Every structure is written in C-alpha cells, then in structure tokens.
Amino acid sequence: MQYTDPQPNRAPSAPPDHAEIRRIIFGLMLAMLLGALDQTIVATALPTIGDAFGDFANLSWVVTAYLLTATVATPLYGKLSDIHGRRVMLLTAVAVFSAASVACALAPNLLALIIARAVQGLGGGGLISLSQTIIADLVSPRERGRYQAQIAGVFAASSIAGPVLGGLFAQYLDWTLIFWINLPIGVAALLITERRLRDLPRHERRHAMDYLGAALMAVASLILLLALGWGGVRYPWDSPLILALFAGAVAFVALFIWRMRKAEEPFLPLGLLADKVVGWGMIASFLAFGGMVGLSIFVPLYLETARGLSATQSGLGLIPFMGGVVMGAVLSGRSMARLARYKRPALAGLTLATAGLLAIALFPAMPLPLALALFVVIGVGMGTPLPVCTVSIQNAVQPRLMGTTTGVMTFFRQLGGALSVAVLGAVLLAVLAGGGAGDIETLARNADPARLASAFSRVFLTMTVVVALAAVALAFLPERPLRTSVHASEGEGSLM
C-alpha cells in the first residue's frame with residue numbers, strides 16, 4: 001500500500017525549463033562536491049595535522065567529529081526543508097560548511113580543529129540530501145535517473161581526487177589548503193543556486209517540527225556511530241563500553257519508535273517506512289551504498305598490503321572500481337527513462353558484482369590485471385542500483401514529503417557505509433589480531449602474505465554476502481510506474 005498524506009497540496013508553480021534545470025543542477029553538483037570531497041580529502045593529511053599540533057592520540061576525532069554531526073544532521077535538513085523550503089536550508093548548509101572551513105583552517109590547536117569539524121559536519125549533512133531533493137522537485141521520476149547518475153559521478157570523483165589532493169597539499173604545500181579549497185567551491189555553489197532557487201517549485205502545507213523525535217534519533221545515531229567507530233580500534237568489540245554503547249543505541253531506537261507512534265506529526269512517519277517501495281528501497285540502498293563505501297576503503301588497502309603496490313599506486317588502483325560505479329549508475333539511470341521493468345539492469349548488475357566479489361574471495365592472489373578488471377565489473381554492478389533505489393523511493397511519496405524521505409534515505413546510506421567499514425575492519429582483525437583491537441593498516445602491513453590472503457579473502461566473501469542481500473532486497477521492491485511529471489497523479493504509467 002502506497003503511503004499518502006491526507007493534507008492537500010496548494011497549486012504548484014510552473015517548473016523551470018530544461019536549460020535552467022541544467023544550470024541549477026550544476027550548482028547542486030558543486031554543493032554535493034563540497035560534502036563528498038571533505039569526507040575523503042582529510043584522511044591523507046591526518047599525519048601532517050598531527051605533527052603540526054603535536055597530538056596524535058586524539059587525531060581520529062578530526063574525522064569522527066565530522067562523521068557524527070553530518071550523519072545526525074542529514075535527516076534534520078530533510079524535514080526542515082519540507083517546512084521552510086529547499087533554498088533556505090541549502091543556502092544555510094553551504095554557509096555553515098564554508099564558515100566552519102575557515103575556522104578549521106585557522107584553528108590554533110587540535111581541540112579547536114575538532115570543534116570546527118563538528119560544526120562543519122552540521123553544514124555538510126545537508127548538502128547531499130538537499131541536492132537530491134531539489135533535483136526531485138525539478139525533474140519527473142521518469143527522467144530523474146539520468147541526473148542521479150551525475151550524483152554518482154560526484155562521489156566517484158571525490159573518492160579518487162580527495163586522497164590525491166589531500167596528500168598533495170599536506171606533502172608539498174600546506175595542510176590548511178584542504179579547508180581553504182572549500183571556499184571557492186562554496187561561493188560558486190551559492191552564486192549559481194541562490195537566485196535560481198528562488199523560483200523552485202514549492203509544495204506548501206503546514207508542518208510541525210517534532211523536536212523530541214529528532215533528538216531521540218540524533219542520540220541513537222551518535223551512540224551507534226561511536227560504537228562502530230571505537231569497536232575493534234580503541235576497544236575490543238566485546239568490551240563493556242562497546243556493549244553498553246550498542247545497548248544504549250537499541251534503547252534510544254526503541255524510544256524513537258515509541259515517539260513516532262505517539263506524535264501528532266512525527267519526525268519520521270512510520271507509515272512511510274511501511275510502504276513496500278520505501279521500505280525495500282531503503283534496505284537495498286543501505287546495503288548497496290554501504291558495500292560501495294566499504295570497498296572504496298578496503299580495496300586500496302588490499303592493493304597496497306596484499307599486492308605490494310605503493311600508496312600512490314593503490315590509490316590509482318581504485319579508479320577502475322569507482323569508474324565502474326559511475327558507468328553502472330549512468331547506464332542504469334538512463335535506462336529508467338526507457339524501460340517499464342527498470343529494475344532489471346540493477347538486478348543484473350548486482351548479480352555480476354556478486355560473482356566478481358566471489359571470484360576475488362576465492363582467488364585473492366589472482367594476477368593483478370585480472371583483479372583490476374574484476375573491480376571494474378564489480379563497480380559497474382554496484383553502481384546500477386543507486387539511481388533505481390533513489391528514484392523509486394522518491395516516486396513512491398508525495399512531493400510535500402520529499403525532503404523528509406530523501407533525508408532519511410541519505411541517513412541510512414551513510415549509516416550503511418559506517419557499518420560496512422566497521423564490519424570489514426572486524427573481519428580483518430579477526431584474522432590479523434585474533435579479534436582484538438588495533439590499527440588495521442599497521443597490522444596488515446606487518447602480516448605475512450599467507451595470513452593477508454586469508455584475511456582479504458574473508459573481507460571479499462563478506463562483501464559478496466552484502467551485495468547478494470542487496471540484490472534480494474531490490475528483487476522485493478515493487479516496480480511502480482514512474483511519473484512523467486513532477487506533479488502528476490500517483491500511479492501514472494503502466495508496467496509492461
């Protein structure tokens with residue numbers, strides 16, 4: 001049963017023409033690049049930052065602080081954009097992110113940098129989800145897939161360019177440039193989108209903000225992310241602190257569900273998740289995007305430690321995989337405009353990705369050219385479900401709920417990425433350190449080849465299971481006809 005909201009829309013304004021849409025989307029891609037690039041460019045500069053401040057013990061918080069606040073803020077931006085409008089919230093996100101970037105660059109010590117990174121995450125959490133929501137306001141679901149493919153391109157470019165730029169700035173120039181570079185991109189995004197978003201179609205109705213529900217979701221997310229970030233690294237997974245954090249996360253999730261059942265206008269309508277398209281789409285997106293993030297972290301580590309490549313070569317070795325992701329998203333997104341059974345390319349892609357991952361899991365020492373070719377196939381397969389999940393979920397809800405739904409979808413994707421990295425790290429540690437805590441990269445570099453091969457075999461086998469489950473979830477997702485207009489009536493179109 002499709003979820004509906006009983007309150008009617010006001011008459012929508014006329015959407016912009018195609019040329020104007022292209023200009024708006026270019027500005028949105030710059031905004032997304034801000035958020036996506038910042039998640040990758042900082043990592044390679046961390047040793048230099050630690051040396052500059054003379055503090056390596058708390059260095060991981062430079063990444064963790066941003067991840068925590070950005071993940072928590074993502075669904076909040078979606079809901080607030082349904083209340084106050086997309087333009088106001090996107091400009092707020094870009095402004096907060098840019099101002100915090102200046103604070104990061106000027107930070108006099110590591111504590112100030114960590115605080116500034118937390119504030120930066122409060123801005124970055126809205127950049128990606130709001131951009132996807134605005135695209136949904138401008139383009140019909142039937143045509144939206146081709147634009148979602150461009151979003152995959154932004155993520156792929158940031159995954160490759162981020163570590164390279166971070167290392168270049170830290171080694172040859174100045175590490176603060178990893179934050180100063182955000183200013184010209186942010187200013188360009190503001191200038192391009194500020195005026196054009198004034199005419200953005202509005203879907204007005206009265207909303208109330210469920211602050212208690214939002215707070216409960218934020219606390220549950222923070223506790224869970226802390227458990228995932230510390231488990232296996234600072235503390236063993238079975239340590240009392242990690243177990244207590246997981247128990248606390250479960251307790252706050254239960255309180256959040258209770259609040260969603262009692263609130264007059266809940267922060268996240270549970271009926272929305274009960275919709276089969278939204279529910280299965282969220283699960284498939286959680287698994288597929290999480291798998292992509294996990295592989296983008298562990299493929300370079302595999303190439304560097306198990307295959308003997310240099311750090312630069314292993315970074316370049318990620319290009320076949322991420323290039324494949326973009327290719328798969330483009331092919332799948334464009335096919336949605338032509339196919340009634342638009343899930344088929346994604347199901348075929350996930351099947352190919354599963355087979356490719358299984359092959360590498362069984363033969364982790366296969367010739368390197370063959371492994372890189374398989375990473376292309378795996379990337380293509382894992383890119384195919386991304387536009388299908390996004391467009392299907394957005395097609396299933398009314399425009400007035402688009403911000404809330406897209407924000408929650410992006411939240412689950414980020415949570416999937418964090419969980420994937422934690423699970424793969426735990427699998428590696430189970431072999432390299434007997435399941436205890438430790439620095440995964442150091443353990444991998446010091447391990448003997450046979451143990452490394454066994455460890456990465458289990459990593460890729462775990463990813464095989466994850467991608468196969470994503471295919472199962474996508475198979476259960478109903479194929480509702482895609483609307484041919486942003487404001488078309490529900491159920492437009494037919495399945496062939």
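Q: Why is helix 3 called roughly antiparallel to helix 9?
A: The axes of helix 3 (residues 61-84) and helix 9 come within 10 Å and cross at roughly 150°. Axes are lines fitted to C-alpha atoms, for helices over the stretch in contact, and angles run from 0 to 180 degrees between N-to-C directions. Angles over 145 degrees count as roughly antiparallel, under 35 as roughly parallel, 65 to 115 as roughly perpendicular and the rest as oblique. Helix 3 is therefore roughly antiparallel to helix 9. The model is predicted: local features need pLDDT of at least 70, side-chain atom pairs count only at pLDDT 80 or more, and totals for chains, interfaces and linings use all residues. Residues are numbered from 1 along each chain as its sequence is written, and side-chain values use heavy atoms, with hydrogens and water left out.

Q: What makes the contact of helix 3 with helix 9, and into which classes do its residues divide?
A: Contact means heavy atoms within 4.5 Å. Among the residues that make it are Trp61, Leu67 and Thr71 of helix 3 and Met217, Ser221 and Trp230 of helix 9. The contact holds 13 nonpolar, two polar and no charged residues; Ala, Val, Leu, Ile, Met, Phe, Trp, Tyr, Cys and Pro count as nonpolar, Asp, Glu, Lys and Arg as charged, and the others, Gly among them, as polar.

Q: How do helix 15 and helix 16 run relative to each other, and why?
A: The axes of helix 15 (residues 344-362) and helix 16 (residues 368-383) cross at roughly 150° and come within 7 Å. The two helices are therefore roughly antiparallel to each other. Residues in this contact include Gly349, Leu352 and Gly356 of helix 15 and Ala371, Phe375 and Gly381 of helix 16.

Q: Why are helix 16 and helix 17 described by a particular term for their direction?
A: Helix 16 and helix 17 (residues 385-395) pack at an angle of about 5°, with their axes 5 Å apart. Helix 16 and helix 17 are therefore roughly parallel to each other. Gly381, Met382 and Gly383 of helix 16 meet Pro385, Leu386 and Pro387 of helix 17.

Q: What residues line the second largest pocket?
A: A pocket is an open set of points on a 1 Å grid over the protein atoms alone, where a 1.4 Å probe fits, with protein on both sides within 12 Å along at least five of seven lines; lining residues have an atom within 4 Å of a point. By this rule 16 residues line the second largest pocket, and Val253, Phe256, Phe411, Phe412 and Leu415 lie nearest its centre. Helix 10 gives the largest share of the lining, six residues. The lining has 15 nonpolar, one polar and no charged residues.

Terms used: Helices (H or I, at least four residues) and strands (E, at least two) are DSSP runs, numbered from the N terminus.
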